[in-house]
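This report describes the fold and the aromatic pairs of one protein. Please consult the sequence and structure shown here.

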Amino acid sequence: MSMIYVLLFGSLVFALTTQGQPCSKPQGDHMVLKGDAILSNSFPDGTAVSFQCETGYMSVGGSASITCTAGTWSPIRLKCERKNCGSPGEVANGNIDYATGTYFGDKIVITCNTGFRLVGRSEIVCGVDGWMSRLPECEIKTCDPPAKVGNASFSPDKDVYDYREVIQYTCLKGFTLNGSKSISCSEDEIFKPDPPKCILVKCEEPKIADAETVSPYLPLYGYLDTVTHRCTSGFRMEGEPTSTCDINSKWTPGLPQCVATTTTTTTTQPSITMKVPAVSVGPTRPPDSGAPNVWQSWLIAILVIIACCGVIACGCHFFGVPASIKTRFRSQGGYSGNVATKDEVEM
């Protein structure tokens, strides 16, 4: 029985101590207290307060009110989410970079395509009421007219030219265009490349010694006119026979030359001595010097002696041997006793 009294007494003491206990300042995710409650740090028992989503956040449902009961707040039902600004739209001739997103505090970056300039803000932030600025515009870049070119005309002739618009040049008759015929308005808002020039191309009359002109003679040679030469007899050409008048009023690749031809060409190599052995190609005979041959002389002499002996023998046979000769031969033992003389025969 005493135990029951103890429990009842404890409950009474607890009720008396908790009754009227205040609550501390409540807090919720991405929300704040409304009204004067935001200034208080302690709330009496039974106090009811309301929340609202903080700046940049919006309610997605749930009760915004809570109550303090015996020092404890009732559960917070309010849900707050970050505000989304959504798509800002499109930019003609430009691009939008959503690098960070489209939620509160995020920003987008706008750039224009090549040849267009940005008019407006290049960065826009997502704020409480949405995007904090209107989208910019991308305007096409323009170029002023190019400088005039002497002895030339161009078209179209306008006060302002849009990006990538092309101008074409035409030289007056007799002049040659040096440079690009067409130029266009660039993204730097100037024409590129530089305008051309119209120049008078005139090559001097080609004069080459010991040569004749094959192509027709012209009183004046202009751009890309050609001339062809040919060397006269006894001369050979060094260089190209045909030359062309270039943009610089020069003959390209230059005029040739005519040099005299030679029949023999001797090449001397002092450091090298070459010996060529003689090659026999058949029997040879001594050159005819005009003097009689030795063997022929001996042969003639022998024939002469034989002829003389024959003449003497014949004379002796027909006319006899003189007495003086006979006497000389006898005295020298030239005749033998067996040889009869003419006188002995007659006797």
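## Burial criterion and model

A residue counts as buried when its relative accessible area is under 20%. By this criterion Tyr161 is buried, because its relative accessible area is 0%. The model discussed here is predicted.

## Overall architecture

The protein has 347 residues, 21% of which count as buried. Its secondary structure consists of four helices and 28 strands.

Of the contacts between residues at least 6 apart in sequence, 35% join residues at least 24 apart. The accessible surface amounts to about 25400 Å², and carbon and sulfur atoms account for 56% of that surface.

## Aromatic pairs

The structure holds four aromatic pairs. Among them is the pair of Phe43 and Trp73, with ring centres 5.4 Å apart. The planes of Phe43 and Trp73 stand at 70°, over the 60 degrees required, so the pair is edge-to-face. Phe43 belongs to strand β3 (residues 42–43) and Trp73 to strand β7 (residues 72–73), so the pair ties together parts that are 30 residues apart in sequence. Both Phe43 and Trp73 are buried.

Another pair is formed by Tyr161 and Phe191: the ring centres lie 5.3 Å apart and the planes are at 80°, so this pair is edge-to-face. The pair links distant parts of the chain, with Tyr161 in strand β17 (residues 161–162) and Phe191 in strand β21 (residues 191–192), 30 residues apart. Phe191 is buried, because its relative accessible area of 9% falls under the 20% limit.

Notes: Residues are numbered from 1 along each chain as its sequence is written. This is a predicted model: local features need pLDDT of at least 70, side-chain atom pairs count only at pLDDT 80 or more; totals for chains, interfaces and linings use all residues. Side-chain values use heavy atoms; hydrogens and water are left out. Helices (H or I, at least four residues) and strands (E, at least two) are DSSP runs, numbered from the N terminus. Buried means under 20% relative accessible area, exposed over 50%, partly exposed in between (1.4 Å probe, protein chains only). Contact means heavy atoms within 4.5 Å. Accessible areas come from the Shrake-Rupley method with a 1.4 Å probe; for residues, only the protein chains shown count as cover. Rings of Phe, Tyr and Trp (its six-membered ring) pair if their centres lie within 6.5 Å; planes under 30 degrees apart count as stacked, over 60 as edge-to-face and the rest as tilted.
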